[in-house]
There are 2 protein chains.
Amino acid sequence: MILSALLTTVGINIGLCVLFFTLYSVLRKQPGNASVYAPRLVAEGKMLRSDFNLERLLPSASWVKKAWQTSEEELLSLSGLDGVVFMRIFEFSIKVFSFAMIFGIILLPINYVGNQLTMDYMDLPNKSLESFSISNVNDGSNRLWIHFSVAYIFTGFVCYLLYSEFKYISSKRIACFNSSEPKVHHFSVLVRGIPVSSGISFSESVENFFTLYYPSTYISHVIVRRTSKLQKLISDADDLSKRLLQMKSASYTQQRVGRASFLGRKVDLVDHYEKKLEDLVENVRMEQTLITGQEVPAAFVSFKSRFGAAIVLHVKQGINPTEWNTEAAPEPQDVYWPFFSASFTQRWILKYVAIAACIVLVVLFFGPVVLVQSLTHLDQLETWFPFLKGILRVTFVSQVITGYLPSLILQLFQHYVPPAMIMLSSIQGYIARSHIEKSACYKILFFTIWNVFFVNVLSGSVLYQANVFLELKNIPSVLAVAVPGQAEFFIAYVVTTGWTNTSSELFQMFSLIWSFIKRKILGRADDKLVVPSANYFSKIPKILLFGLFGITYLFLAPLILPFLLIHFCLGYIVYRNQLLTVYSPKYDSNGKFWPIVHNSTIFSLVLMHIIAIGIFGLKKMPLASGFMIPLPVMTLLFNNYCQRRFIPLFKSYPAECLIKKDRDDQSSGTMDAFYERLATAYRDPALAPIHTLGISDGRNAPLLQATEV
Amino acid sequence: MILSALLTTVGINIGLCVLFFTLYSVLRKQPGNASVYAPRLVAEGKMLRSDFNLERLLPSASWVKKAWQTSEEELLSLSGLDGVVFMRIFEFSIKVFSFAMIFGIILLPINYVGNQLTMDYMDLPNKSLESFSISNVNDGSNRLWIHFSVAYIFTGFVCYLLYSEFKYISSKRIACFNSSEPKVHHFSVLVRGIPVSSGISFSESVENFFTLYYPSTYISHVIVRRTSKLQKLISDADDLSKRLLQMKSASYTQQRVGRASFLGRKVDLVDHYEKKLEDLVENVRMEQTLITGQEVPAAFVSFKSRFGAAIVLHVKQGINPTEWNTEAAPEPQDVYWPFFSASFTQRWILKYVAIAACIVLVVLFFGPVVLVQSLTHLDQLETWFPFLKGILRVTFVSQVITGYLPSLILQLFQHYVPPAMIMLSSIQGYIARSHIEKSACYKILFFTIWNVFFVNVLSGSVLYQANVFLELKNIPSVLAVAVPGQAEFFIAYVVTTGWTNTSSELFQMFSLIWSFIKRKILGRADDKLVVPSANYFSKIPKILLFGLFGITYLFLAPLILPFLLIHFCLGYIVYRNQLLTVYSPKYDSNGKFWPIVHNSTIFSLVLMHIIAIGIFGLKKMPLASGFMIPLPVMTLLFNNYCQRRFIPLFKSYPAECLIKKDRDDQSSGTMDAFYERLATAYRDPALAPIHTLGISDGRNAPLLQATEV
């Protein structure tokens with residue numbers, strides 16, 4: 001790609017961004033779009049209904065100011081620690097790449113004045129972007145020592161930042177815990193692998209075990225039951241009652257009479273469905289009474305104190321390590337109810353099945369990526385499809401195709417990855433949605449880095465790519481040849497995918513269109529408002545991917561840095577706004593996403609070092625190459641230290657905090673009411689008494705159980 | 001090596017074994033040798049003094065009968081679970097290789113009738129051993145499918161055995177715990193990383209922390225102090241008092257007058273030394289009173305119940321994970337006192353330093369191994385030292401040199417490895433000797449397998465060997481070429497090193513000679529009897545190495561199997577005898593060595609599979625090579641399952657057992673006396689009051705503190 005093509009791409013995308021931002025600033029002020037642009041505020045009753053005035057039609061930047069001014073404390077109270085951690089990824093990236101920009105400014109002219117590529121007969125607009133990269137520095141030039149120093153200084157700075165962020169977030173985690181109200185999941189433990197005893201049920205088994213060994217702290221337990229059949233029935237009844245609700249509404253009166261079945265006689269459909277619904281509800285009630293026998297060897301056990309629960313959680317309970325396994329209980333709304341049935345051995349097998357399936361998925365994705373790759377090499381495309389020759393020769397078309405289309409296609413395919421990974425993670429037997437999301441986040445990250453970075457870099461057959469990683473010794477040199485060559489593609493990727501992603505996140509085009517259709521065409525303005533959750537697991541890998549680009553290309557092609565920095569600044573403002581107005585957390589993992597960010601950054605750094613080792617080797621600087629080797633080793637040691645220093649705080653709370661909180665609670669005297677709540681908190685929603693005409697409330701809670709007893 | 005050379009080696013070694021066994025059976029009956037052959041029985045007062053009779057001069061096999069008839073319960077009561085586990089390694093190996101022998105009998109003729117090597121013009125005695133190995137099977141022959149099946153069936157059988165052994169030993173661990181008397185280390189926890197608080201000492205810090213958070217279970221604590229200076233003083237005093245004791249004994253009377261220093265006047269040496277000793281003892285006492293201030297941020301904290309200690313052990317205590325770290329307390333006699341001073345960060349650094357030093361040591365050992373290698377290639381030796389040509393041409397000499405000398409030299413060098421590895425492990429900051437020994441055991445195992453197996457197989461430069469493992473893809477084919485070629489060397493190694501080791505273990509030549517010198521020449525018959533400890537950590541890696549040979553060569557060169565089986569049978573009888581009569585355990589890790597055996601066997605199996613993949617590739621059987629790949633994967637999955645299923649039981653005892661034992665104790669009413677003992681159990685021996693003329697009692701406890709208050 002030449003400089004002018006890059007500028008075209010940048011131009012298009014600046015235009016798109018400005019367009020999206022302007023449209024957003026106008027559309028958000030229209031009351032009809034409140035359910036798209038501020039569902040959270042509407043749900044919280046904070047949305048002010050204003051009369052029509054001219055201001056509503058003028059674009060304004062007030063939302064930017066609002067997003068900017070919100071303090072971290074406000075964000076914490078609104079979006080939980082997960083929201084704060086999410087925003088800190090942007091802050092961290094902005095810090096890292098602002099610092100990197102200093103090096104970029106030093107390195108760009110050094111790269112440019114080299115003449116390894118000997119293309120200086122061209123004028124600047126036609127200059128290949130490669131002349132700004134390390135490839136242009138002469139072999140064996142002493143200037144490469146500047147690149148060498150940059151790698152060391154930058155790594156040191158990033159490690160310092162990583163350490164202080166990790167420290168900050170882990171202290172924040174403890175602070176959140178210390179200031180929290182009593183929460184049921186701190187007082188409970190999930191027990192799995194309850195052993196089969198002849199003559200007594202699992203529930204009695206649990207009762208006996210804990211009254212025997214923990215008589216002073218044990219309160220009660222809720223045994224988990226196999227409710228898959230019940231869930232199916234409830235979901236059917238749910239659908240039916242929704243349909244009935246629509247029919248009863250005024251606009252559907254004309255449809256009231258119709259055929260109940262294809263060949264049946266005409267009946268009053270409302271009566272027909274009401275009858276059917278009643279049957280279903282009766283069925284559900286019967287199933288609910290029958291289900292008592294269908295116990296699963298798992299139970300939520302509640303204790304009088306947090307420390308009491310922590311003891312059961314941390315000390316191994318049973319003589320057989322596959323029995324009486326304890327896990328921290330998730331928040332009740334975070335429990336993934338269909339998790340049961342899997343035994344210790346099954347879960348162990350399913351884990352490897354999921355990993356294998358994930359690898360297969362990653363490999364299968366190779367097809368679309370090859371397609372994308374071919375678009376950046378127009379000459380190849382011309383040989384394949386000769387009839388396109390005329391069109392492809394048009395400068396603008398060719399620039400759009402090489403600069404814009406590839407990343408758009410990649411993005412489209414990637415859209416289907418998060419749901420697939422969530423599905424894979426959910427079969428692994430995690431007990432909480434937040435655990436599933438965390439595991440899926442790792443899978444998506446692996447997928448994204450492999451398929452966007454490595455496959456593009458090592459274009460070639462899957463087998464060739466696998467071979468590269470099997471010959472450990474050759475990895476640096478192979479990467480050193482391949483990675484700088486793809487700098488152009490990744491710069492374009494940042495500008496197109498990165499910027500577009502962010503502005504379309506703000507603009508929410510699909511929600512907007514769907515809301516418009518619903519209101520104007522289907523006339524269902526009174527549908528229940530659904531406040532979306534932020535789905536950090538699918539957003540974090542994308543941010544980290546851009547971090548990877550920045551870190552690996554820092555000294556290879558520093559031209560990528562300004563575009564990245566703009567991307568992160570945009571993201572910072574946009575996502576702050578979205579967290580304040582759109583997304584509302586359903587459950588909080590209390591900052592457990594940060595270790596993913598940490599690990600990914602360490603991976604990026606080590607990858608950068610490996611490429612550096614290769615590059616200095618290629619550039620005939622064996623000394624620099626050799627002196628580079630301690631850097632990844634030190635980085636990994638640093639990572640190991642951080643893991644030992646901070647990870648324990650992300651796994652469980654220390655006894656000191658638990659006992660202090662427990663004593664505060666005991667002295668406050670408000671615990672009796674809480675204990676009552678505790679006893680019923682972990683009841684499967686499918687087993688709650690049902691009311692025939694409730695309203696659905698999210699994915700998990702079925703429609704019909706509108707009230708909890 | 002040809003068959004007749006092998007037979008020569010076997011002949012020599014059978015002769016040596018018979019000689020050693022006969023000598024042993026006679027010498028053990030001489031009362032003068034009791035301190036060499038039955039120190040344990042003497043110490044326990046079980047040694048019967050018999051009068052002289054003819055029977056004492058006749059070889060007999062009564063000890064074999066005794067060793068054979070001892071039941072596992074007896075062994076458990078005599079040598080603890082570690083002894084039982086040690087003997088089960090032999091039982092396990094005998095089972096595995098008896099089963100392997102069946103395959104060996106099938107494979108030997110199959111290998112022999114092949115004619116890939118076309119050397120059938122030679123007669124049987126001159127037949128190279130290679131004609132019994134897989135190298136002799138024709139390329140692409142369908143007979144190789146028999147080898148293929150053997151790999152699968154054998155792996156399945158070994159995995160089944162591994163599982164049942166792991167299960168048996170972990171149940172034994174629990175059984176031992178359940179039947180044990182109250183032991184101080186079950187009621188105590190070592191706390192490290194006590195934070196510095198201004199104004200109060202570490203001891204007060206601990207007191208405050210545990211009375212605040214664990215008022216109901218905390219009893220007391222013993223703070224660790226920096227006693228290195230004191231230990232030096234005590235050891236000096238120890239030496240001096242030993243010397244004094246010798247002088248005072250009758251045989252030294254003539255030496256009483258001498259020069260105290262080189263130029264000093266003649267004095268009564270006893271008086272002189274007595275004066276000096278008094279000064280030293282005074283010094284020690286003064287130092288002991290001074291030392292109160294030299295606290296180390298570590299303490300042994302005791303609790304009222306085992307479960308109370310387990311809670312503190314398993315629940316993280318402090319907000320900062322580098323502070324208030326808890327570790328299971330070792331038995332008091334197992335504590336490695338010089339461990340202090342190292343902080344969290346220092347220990348973390350020292351761990352990597354030790355690993356790096358271990359790797360350096362392994363690489364440096366390459367020199368001796370190359371020397372050994374050259375001995376098996378006589379022609380090379382002849383070119384280096386032409387004057388040896390005459391001697392080397394003598395058949396017997398050349399056979400001894402190729403068959404016997406190499407392994408003898410290797411063995412000599414290996415003698416210094418265990419102390420070196422113990423030293424490396426001890427700087428890693430382990431708190432107990434048993435932990436150091438376990439860590440050293442892994443290091444020695446790594447060392448032994450690398451230097452005996454891989455270096456011999458991949459003869460070539462260190463760099464070449466490292467390269468082999470960096471190109472993952474080529475490992476199978478490189479090993480497949482190299483490993484079968486060294487079959488002869490390893491068969492000889494088993495016969496020489498293996499058999500000789502075992503019989504010299506029985507004969508204890510050095511102890512015997514030393515005891516003779518002491519009694520007859522130095523006249524120190526009344527020296528205190530020292531019962532040696534078994535040092536399993538240095539013996540287990542040797543046994544596992546032979547297991548590795550057997551498993552990897554099972555289908556390559558089955559001729560190794562009978563020699564191995566003899567080796568294990570000899571070892572079984574000899575070590576049982578030694579555990580009964582010679583060694584006495586000072587502390588018991590309660591079977592923690594078994595996971596090492598398990599992991600090493602899994603490693604051997606996977607190595608065998610990798611070689612098989614390579615071999616079938618070389619033998620033009622790509623299908624068999626491909627179908628071999630699932631086997632290592634399944635083996636590793638099996639290993640992973642075993643780790644999850646059994647390892648938790650080797651780390652800590654489950655709550656169920658702890659609480660039951662606690663309740664039994666509480667109801668027995670004997671705990672008050674035990675609590676008193678508990679309070680002083682973990683006092684540094686250097687701080688115990690000293691008596692001037694005590695007697696030294698092992699490595700750690702210094703001479704002078706003969707009695708404990």
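I started at B:N590, which sits in the loop between α24 (560-581) and α25 (594-618) of chain B. The model is a predicted one, so I take the backbone angles as computed values. Phi of B:N590 comes out near 55°, a positive value in a residue other than glycine. I noted that because most residues other than glycine have a negative phi. Is B:N590 buried or exposed? I counted 21 C-beta neighbours inside 10 Å, so B:N590 goes down as buried.

Then I went to B:N535, in the loop between α22 (509-522) and α23 (536-553) of chain B. Phi there is near 50°, again positive in a residue other than glycine. B:N535 has 14 other C-beta atoms within 10 Å, so I wrote it down as partly exposed.

**Chain A, overall.** I got 29 helices and six strands for chain A. Of its 709 residues, 41% are buried. I also checked contacts between residues at least 6 apart in sequence: 80% of those in chain A join residues at least 24 apart.

**The core.** The largest nonpolar core has 308 residues, and A:A299, A:I560, B:A299 and B:I560 touch the most other members. I followed up on B:I560. Leaving aside neighbours within four places in sequence, B:I560 is in contact with B:A487, B:F490, B:I491, B:V494, B:F549, B:G550 and B:Y553.

**A helix pair in chain B.** Next I looked at α10 (residues 306-314) and α28 (residues 655-668) of chain B, which pack at an angle of about 145° with their axes 8 Å apart. From α10(B) the contact uses B:R306, B:F307 and B:A310. From α28(B) I listed B:A655, B:L658, B:I659, B:K661 and B:D662. That makes five nonpolar, no polar and three charged residues by class.

**Chain A against chain B.** How many residues does each chain put into the contact? I get 31 residues from chain A and 31 residues from chain B. On the chain A side, the elements giving two or more residues are α10 (306-314), α11 (344-364), α19 (462-470), α27 (630-651) and α28 (655-668). The largest share, six residues, comes from α27(A). Sorting that side by class, I have 19 nonpolar, six polar and six charged residues.

**Symmetry.** I laid chain A on chain B: the RMSD is 0.1 Å, by a turn of 180° and a shift of 0.0 Å along the axis. That is the relation of a two-fold axis. In chain A, the C-alpha nearest the axis belongs to A:E471, 2.1 Å from it.

Definitions and conventions:
Residues are numbered from 1 along each chain as its sequence is written. Chains are lettered from A and ligands numbered from 1 in the order in which they are written. This is a predicted model: local features need pLDDT of at least 70, side-chain atom pairs count only at pLDDT 80 or more; totals for chains, interfaces and linings use all residues. Axes are lines fitted to C-alpha atoms, for helices over the stretch in contact, and angles run from 0 to 180 degrees between N-to-C directions. Helices (H or I, at least four residues) and strands (E, at least two) are DSSP runs, numbered from the N terminus. Two residues are in contact if their C-beta atoms, placed from the backbone, lie within 7 Å. Ala, Val, Leu, Ile, Met, Phe, Trp, Tyr, Cys and Pro count as nonpolar, Asp, Glu, Lys and Arg as charged, and the others, Gly among them, as polar. A nonpolar core is a set of buried Ala, Val, Leu, Ile, Met, Phe, Trp, Tyr and Cys residues joined through C-beta atoms within 7 Å. A residue is buried if 20 or more other C-beta atoms lie within 10 Å of its own, exposed if 12 or fewer, and partly exposed in between; C-beta atoms are placed from the backbone. Copies are superposed by least squares on the C-alpha atoms of residues with pLDDT of at least 70 in both.
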